[in-house]
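The following note sets out, in numbered points, what may be read from the model shown below. Please consult the sequence alongside the points.

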Amino acid sequence: MHDFLALGDITVDAFIKLSNAWVETDNQNGAQELCMPFGEKIPYQSFTEVAGVGNSPNAAVSVARLGLHSALVSNLGADENGKKCLEALAAEGVDIEQVPIHHHARTNYHFVLSFGAERTILVKHEAYQYALPHFAPPRWLYLSSIGAGTEAYHEEIAAWLEENPTTKLAFQPGSFQIAKSGTPVMKKLYARAEVLVCNVEEAEQIIKQNSLSGHAEERLASSTERARGIFQQK
């Protein structure tokens with residue numbers, strides 16, 4: 001039995017450190033926008049490629065480094081980037097037996113534009129045939145970012161958790177999971193979670209309230225408990 005099984009998408013991240021860019025706020029909402037010259041060759045400062053990353057792979061690696069039995073459930077394409085991801089995880093001691101290779105698909109590849117202290121990430125989740133493999137119930141299941149259009153897969157995960165009540169759930173929702181917070185399946189997952197991980201802005205989106213930003217950090221804990229109560233309601 002694994003101590004920790006992480007479930008979520010895996011990717012290769014290409015970190016591009018920008019040097020010729022700036023930030024503007026002259027839009028309708030006053031939001032920050034990353035700006036660069038249009039239609040030109042733009043120099044960049046550095047480029048670093050890191051394989052086998054993403055919320056769930058990162059968590060699996062972190063737990064393996066603590067000396068615990070760690071595994072990953074994810075999906076890869078049958079390409080060179082997929083091989084790089086498997087090699088990176090195996091080198092960290094993560095069990096990769098539950099990572100299927102899809103022979104007519106590519107491995108996720110994201111571009112991380114680094115400017116100042118912030119990162120802007122260009123994301124594309126490949127459309128895999130998601131299916132939950134068979135595995136022994138771990139002590140903890142960690143669920144995080146999965147691409148859009150995977151409602152049926154989330155239903156399968158929620159059903160598995162219902163059938164295996166001894167497994168504790170740690171849930172760090174990704175963009176799609178946050179956007180779908182009001183759906184019945186996501187309510188099940190939020191309510192089932194022993195640990196819910198998100199920042200203040202994400203918490204506001206999840207509970208559909210704009211009352212947390214600018215307040216002390218302790219407000220987040222109480223609001224997360226309120227969110228749990230909301231999702232437990234029928």
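1. Leaving aside its neighbours within four places in sequence, with which residues is Tyr153 in contact? Tyr153 is in contact with Leu7, Val73, Tyr130, Ala131, Leu132 and Ile146, where contact means heavy atoms within 4.5 Å.

2. On the basis of the note: this is a predicted model, in which local features need pLDDT of at least 70 and side-chain atom pairs count only at pLDDT 80 or more, while totals for chains, interfaces and linings use all residues. Residues are numbered from 1 along each chain as its sequence is written, and side-chain values use heavy atoms, with hydrogens and water left out.

3. On the chain as a whole: there are seven helices and 13 strands. Helices (H or I, at least four residues) and strands (E, at least two) are DSSP runs, numbered from the N terminus. Of the 234 residues, 41% count as buried; buried means under 20% relative accessible area, exposed over 50%, and partly exposed in between (1.4 Å probe, protein chains only). Among the contacts with a separation of 6 or more, 68% come from residues 24 or more positions apart. The chain exposes about 13,300 Å², of which carbon and sulfur atoms supply 51%; accessible areas come from the Shrake-Rupley method with a 1.4 Å probe, and for residues only the protein chains shown count as cover.

4. On the sheet: five strands form an open sheet in the order S6-S1-S11-S12-S13, with parallel pairing. Its edge strands are S6 and S13 (195–196), each of which pairs on one side only. Two strands pair if DSSP finds at least two bridges between them. S1 and S11 pair in the parallel sense over four bridges; within this pairing, Phe4 has Trp140 in S11 as its bridge partner, and Leu5 stands opposite Leu141. S11 and S12 also pair in the parallel sense over four bridges, and Tyr142 stands opposite Ala170 in S12. In a regular strand the side chains alternate between the two faces of the sheet.

5. On the nonpolar cores: a nonpolar core is a set of buried Ala, Val, Leu, Ile, Met, Phe, Trp, Tyr and Cys residues joined through side-chain atoms within 4.5 Å. The largest has 29 residues, of which Leu7, Leu143, Tyr153, Ile157 and Leu189 touch the most other members. Two or more residues each come from S1, S6, S11, H3 (151–163), S12 (168–171), H4 (175–179), H5 (184–192) and H6 (200–207). H3 gives the most to this core, with five residues. Apart from it lies another core, of 17 residues, among them Ala6, Ile10, Leu72 and Tyr142.

6. On helix H1: the buried residues of H1 (residues 55–65) are Ser56, Pro57, Ala59, Ala60, Val61, Val63 and Ala64. Their cover includes S1 (4–7), S5 (44–53), S6 (70–73), H2 (80–91) and S11 (140–143). After H1 comes Gly67, whose phi is positive, near 90 degrees.

7. Thr167 counts as buried because its relative accessibility is 0%. A polar atom of its side chain lies 2.7 Å from the backbone oxygen of Pro138. Not counting residues up to four places away in sequence, Thr167 touches Pro137, Pro138, Arg139, Trp140, Leu141, Trp160 and Arg192. Asn75, in turn, is found in the loop between S6 and S7 (76–77). Asn75 is buried, with a relative accessible area of 5%. The side chains of Asn75 and His102 are joined by a polar contact of 2.7 Å. A polar contact is a pair of N or O atoms within 3.5 Å; within protein, one must be able to donate a hydrogen and the other to accept it, and residues adjacent in sequence count only if both atoms are side-chain atoms. With residues up to four places away in sequence not counted, Asn75 touches Ile10, Val99, Pro100, His102, Tyr128, Gln129 and Tyr130.

8. On cysteines: a disulfide is counted as a pair of cysteine sulfur atoms within 2.5 Å, and by this rule the count comes to zero. Cys85 is buried, with a relative accessible area of 0%. Cys198 also counts as buried, at 17% relative accessibility.
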